[in-house]
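Please walk through this model step by step.

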Amino acid sequence: MNIIFIAINLAFALIIAPLIDGFERKIRARLQNRQGPSILQTWWDLIKLFKRPTIEPQDSIKSLYKLAPYITFTSVLTAYLIIPTLLPASTNFIGDLILVVYLLGLATLSFVIGAFSSGNAYAQIGSNRDVSLFMSEELLLAFIIGTIAVIGKSLSFDQLFPLPFRISSLLALLLLFLVIYVASTRLPFDIAEAEPEIIEGPLIEYSGKHLGLLKYFVFLKRLLLYSLILDFIIPIQNPIRLTCYLIGIIILSIVYSTFEAYYGRFRIDQAIRILKRASIVALIVWMIAVVGW
Amino acid sequence: MEAQILLLPIGILIIAALIGLSKAKVVLKIVNMLSAVSSGVIIYDGVLGLKTTIELKYNLFNSSSFFASLDYLVFRVDALSAFFLLILGILSLCASVYGIKYMERYFEREDMRVYTFNYPLFILTMYLVVICWNLLWFIIFWELMTLFSQFLVAFEQRKEKAVKAAFKYFCMTKAGAEFIVLALILIILKATNFNANYSEIANVLPAYLSVHSATLYTLTFALLIGLGVKAAMVPLHSWLPDAHPEAPSNVSALLSGIMIKLPIYMMFRFFLGFFPLKPEIGIVIAIFGILTLFFSMMYALLQKDSKRLLAFSSIDNIGYILLPMGAGIYFLANGSQLFGGIALAAALFHTMNHAFFKGLLFLTAGSVMYETGTRDLNYLGSLAKKMPLTAFTALIGSLAIAGIPPLNGFVSKWMIYISTLTSPATSLFGIIAIFISAVTLGTFVKYFTAIFTKPPVKEINAKEVPLLMSVSQLLLALLCIVFGIYPFLPLKMISQALGSIGVQIHLDSLVVYPSLVVPKTGNYSPIIIFAFLLVSTLIVLLLIPSRGEVVPTWKTGRSEDLNMSMPADAYYRDFREVFREVYTVGDASKRFVQKIAEIGGMFGIKFEVLSYDLNSMLSIAMVLIVILVAVLGGVEL
Amino acid sequence: MILEILKSNNAKILRHDEKVTVALVPNDKLRTTAELLFKAGCYYATGAGVDERLLGVGFSMYHIFNCEVEGRYIIIKAVASNLKIPSITPIISGANWAEREVMDMLGIFFDEHPEPVRLILPDDWPEGVYPLRKDFRYNERPPRVEFEQKREKKPGVIEVPVGPYHPALHEPEMFELYVKGEEIVGAVYRGFHIHRGMEKLAEGRMTINQIPFLAERICGICGYTHNCAYVQAIEDAAKIEVPERALYIRTILLELERIHSHMLWLGVAFHLLGFESGFMHTWRIRETFMDLAELLTGNRKTYGMNLIGGVRRNIDENKKKGLSEILDKTKKEIREIFDNATQMRELINRMEGIGVLSKKKGREIGVVGPTARGSDIDTDVRRDHPYAAYGDLEFKVPIYKDGDVLSRFLVRYEEVLESIWLIEQALDQLPPGDILNEEYELPEHTICVGATEAPRGEDVHFAIMGEGNKVYRWHPRAPTYNNLPAVPIMLKGEKLADAPIIIASIDPCFSCTDHIVIVDGEKVYRCSLDNYLGGL
């Protein structure tokens, strides 16, 4: 039963993730007085990219450069085994919160190693920013994980979904909301892939299928993180969970894309400083959780 | 009769050392090969020791009073020793095999006898430290280990840096050893009535110390400092980043991989075997662990020298071992058997993991040096094209040390987080450990990309290293992968090792095939994760195969040859800038330690330089032992 | 005072009226004259070399100074003896490019020039072929020569190429940034990739009344102001009375163009800062101004309105009404967007204190327009050398003191509002009458100069009248030519992330800058600004 549920969840994620991006593009376009492309546009883009050939830059380390997009893609896919999306699959034998965080770490790692291997100066600078951002993001995330672990007395999702209603869990989820925003490479935190500054940074040399996989990876990662935060909120064994979940996804998309439309890009040091400050807030939240509120 | 096999490595290594006194070129090969053989025997001993306890007892002297405790030379291998013997054996096997080819590069430049004589003795003393079952003999072997290893650090005698590093190493660890000596004297005089046998101590000491808590804290303090110096615990670590890079790479692998783990071994013996469990001792150790891993990794981020970066990361991993050890003691003292067991198991597991991946990384750094002659990350680049095998193993090592699933580093880190995060008292430790784990990832992205992927400033001539060197790297890489995907085997050994010092972990409840399950707290199934990653990657590769043509790297329309190589000191500049408070604190304490070291350094430099002469080396070793014995004897009066 | 300086240096005054002074200065006095002029507050506008062999003089160099205090342009002429003239670059560093350009194009050499290497001609251009000499035909193509690339990798930094094709630059131009981590430790500019040979074309085969249309095509954004500058130069030479109504129409169009250009730039700035919504909204408003231009001229851009002596289309009451209605509406929208934008802390943070150019440096380089006004340099051609109808209208020149990107941003924003105010005034006061005066006679060999305040700064056109409805020499100088050398100074020590906005902050118009050249081939010699700026 569980395995079927997991399979359905995976299929759902694979189909829906690009649609969510299409939806967000539509919202952003509306906010900017534009018509905007159809919701399916992201899917068309991906299909087109998957049809295109790839290239190998002269200065690149070919094997790493070529393999990296695949590993990046599958590592985020693996995380879907653990986090239930559409259907509440009990997955306590596969992994827990720590594993999800580290799988996303693996995705980032293979992404930047692939980019570094391309031999392009912009890719190196972009990956450098990516890792810097990842490290400071992880500081905040570590505090959130600690807070959640203290609240739920567990790291296993069986125990954590949903979080008990407490002040600290509310604050922790708010901070998680921020981390997810940062981790989903959106403005103003899309510093690593800044188009006018460093020409999409790590993605600069990737084209065709590789680029498609990496874009797909970003969409999947966003949906995964949405699902994570929603699972923390929605009771897992509830008949209306499915409805709540879908509505939750739509609300998150609207909120995130609205934020995105009204921000200019940060400089990397500004972003790191903001995350550091947020980490101090997270430390306080952790203390609140330890006190038991 | 089976027990006699414990003597075999001793015999082989002594023969090797004696052969090593000759100047002939072939000696290098023989010595390394003999070391490798003895390492094989050490592994066998370890396997044997896990099954049953082996014991050998010799009556050397027949003196009374204080020396009575020296009368008996007892070798005994219980599961804990056996566990460390396994690590030592595997690592020294790889390092010795690697050394056969690697050390040839030094023929022209250096007096090889410094290596061929000291290297087997260094392994021998480490072996003896692990197997001896008497505190007084332990301190003797311990001091000898320091002595021989420092000659290896100063192997390149013409480099002033190396000599200075060796001197610093020697002074600091020697001073640390004095603390251990003091602790031992205290134990022997006060508690055990001149009996230094481990079994005796384990019987008598806990009861004695539960009554005399002042003695307990004095001992804890002395041992933490004494063993902490050797383990390079922050703030007593400053010798390590200087000493480890200067030694030949296979020796660095041993230094980092196993030698700094021996204090950990002794801490297990003392704090868990001999001492009553006190929560505050656990917390203190855990705090030192956190300080160690935090500062060392933040500093590793700055390094421009490949081996220095690795050295800092070694300190970091000592933190990752101390943290769960302290937490484990804390949990056990508070009666939480489950978390205590997991934390201690994590400490041992990480000890082993670190030996493998750090040994591996030092060997890859050595291979790079072997081919290019440099450790400068600014200069290196793009070597993955020329040394694919080395690059692959270095990648595995980097992934493992960053704790990426499904490699072995993740399992031990996962156990650390699971045990620490959920309890409010230790939760902050776990949080910082997670953050530092991310910084580790950053550091090793830097290490790997700076050496193997970024385009070099100038074209570098290099080729893949000889087979004998690759084999060692591949073996260690394989172990990293296998123990990551199938952690049940090492966990079984660990549960035995912990059992021998009286800590029971219930493996049946922990291992629910195919997962590791901590009831109601966490779960991780390395096999499923690995299988899914592998299968899905293959499927995607099949569905969306990539085939493309080679085009010039895009330089916004330029055709000139531009310097596209990211300088090593430019990595993560903004991150470092935002977190500069860390470095301010770190630098301030560094200056403080330097002041102290300067005062100590005034005395010994001339004496020390003198001692690198081979002829005087042995005599100094003699003198040292005599002084030591005299000190021990003098106490009796 | 200026006359005294000139006379004390044995200069021969060739022309002196209320707008322009032309003087022939002996070569040995050239430097002292230039120095004295600079100290008297005249900054170096541009220089033009002329092959005057057909006029019986030989090669000569004209240095043009903008004397704001007296409201006149001063042109000092020096005649090359043996193809040599003393360089004034050691005294006025702003003359560097102008002199090197003349070196490339005419083969006049400047004694003691600190950096006598090619600026404009590509490396594969043969030695000794000078395209602007009169014996070089405009359609001639010299053969390519092989050359050696002498270039060494710079250790310890990444050499980040920005351009020729880079999304932050909307035209092919090249910066090379030396980057350590994120910090820019050095910057080098290579320019003049765009080669259209306009000067040669105009001199070679165009009549005086055709050139306005060529001049308008120097730039796609600020074309009309080039057009005006040229027309004014000729009108100045021929002393043509332009009808009042035509002058007002020109003013309206010039301001319309300024608004359009600034809106475009502000949108680009938002885009470079990652504020996409701001970009979209700004460009939506810009669209209305293009519609307005279409209403008045029939074209959305490249108006084609000017002829010598006036303009080609009238503004009737209908158009007038439509214009003021739309202006009222957009004024509100502009305020709304920018009030919101200036309240966004993260947006302001990205511009505050970034890319600072000090007033002193700015004066030495001779920066113009909003770049200068952002650095506390009070200069505006509209006020200092009134042309068109600006003398009759009232407007404020916004000045900011900080010299950073934010100052330039705010200067442009305020100028948009001032321009709307100017258009409203001009529409109100639009006098009746003709719009074109076609009765004039063209003089021969008169030296003249026309200047306008383009959206990017002072735009100077220098011309010498030729025989029979032709110009003998026409040399336009776009504002970016003077502003570009400031960019490497602004870039040094900044973050790579800020490089695009800093480069954009001078609102560079590379096509304008490069129009003057005949360049063939793809590799252009690098002009080391490091050396150039070292002398400042």
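Begin with α8(C), which has 22 residues. From its first C-alpha to its last, α8(C) reaches 31 Å, close to the 32 Å expected at 1.5 Å a residue. The expected span is 1.5 Å times one less than the number of residues in the helix. Helices (H or I, at least four residues) and strands (E, at least two) are DSSP runs, numbered from the N terminus. C:Gly298 follows α8(C), and its phi is positive, near 90 degrees.

A word on the source: this is a predicted model, in which local features need pLDDT of at least 70 and side-chain atom pairs count only at pLDDT 80 or more, while totals for chains, interfaces and linings use all residues. Residues are numbered from 1 along each chain as its sequence is written, and chains are lettered from A and ligands numbered from 1 in the order in which they are written.

Where does chain C touch chain A? The contact takes 26 residues from chain C and 23 residues from chain A. Two residues are in contact if their C-beta atoms, placed from the backbone, lie within 7 Å. On chain C, β8 (158–162), α7 (244–272), α8 (276–297) and α10 (345–349) each supply at least two residues of this side. α8(C) gives the most, with 5 residues. By class, the side of chain C that touches chain A has 13 nonpolar, 6 polar and 7 charged residues. Here Ala, Val, Leu, Ile, Met, Phe, Trp, Tyr, Cys and Pro count as nonpolar, Asp, Glu, Lys and Arg as charged, and the others, Gly among them, as polar.

Now chain A itself. Chain A has 11 helices and 1 strand. Its radius of gyration is 19 Å, close to the 19 Å that the globule rule gives for 293 residues, so chain A is as compact as a globular protein of that length. That radius is taken over C-alpha atoms, and the rule is 2.2 Å times the number of residues to the power 0.38. The C-alpha atoms of chain A fill a box of roughly 55 × 45 × 40 Å, taken along the principal axes. Of the 293 residues, 62% count as buried. Buried means that 20 or more other C-beta atoms, placed from the backbone, lie within 10 Å of the residue's own.

Chain A also meets chain B. Here 61 residues of chain B are in contact with 69 residues of chain A. The largest share of the chain B side, 15 residues, comes from α18(B). That side divides into 38 nonpolar, 17 polar and 6 charged residues. Strands take part too: β1 (residues 54–57) of chain A and β6(B) pair in the parallel sense over 4 bridges. Two strands pair if DSSP finds at least two bridges between them. In this pairing, A:Ile55 stands opposite B:Glu549.

Chain B holds an open sheet of 3 strands, in the order β3-β4-β5, with antiparallel pairing. The edge strands are β3 (511–512) and β5 (522–524), and each pairs on one side only. Strand β4 (residues 515–518) is joined to β5(B) by 3 bridges. B:Val518 stands opposite B:Gly522.

Terms used. A residue is buried if 20 or more other C-beta atoms lie within 10 Å of its own, exposed if 12 or fewer, and partly exposed in between; C-beta atoms are placed from the backbone.
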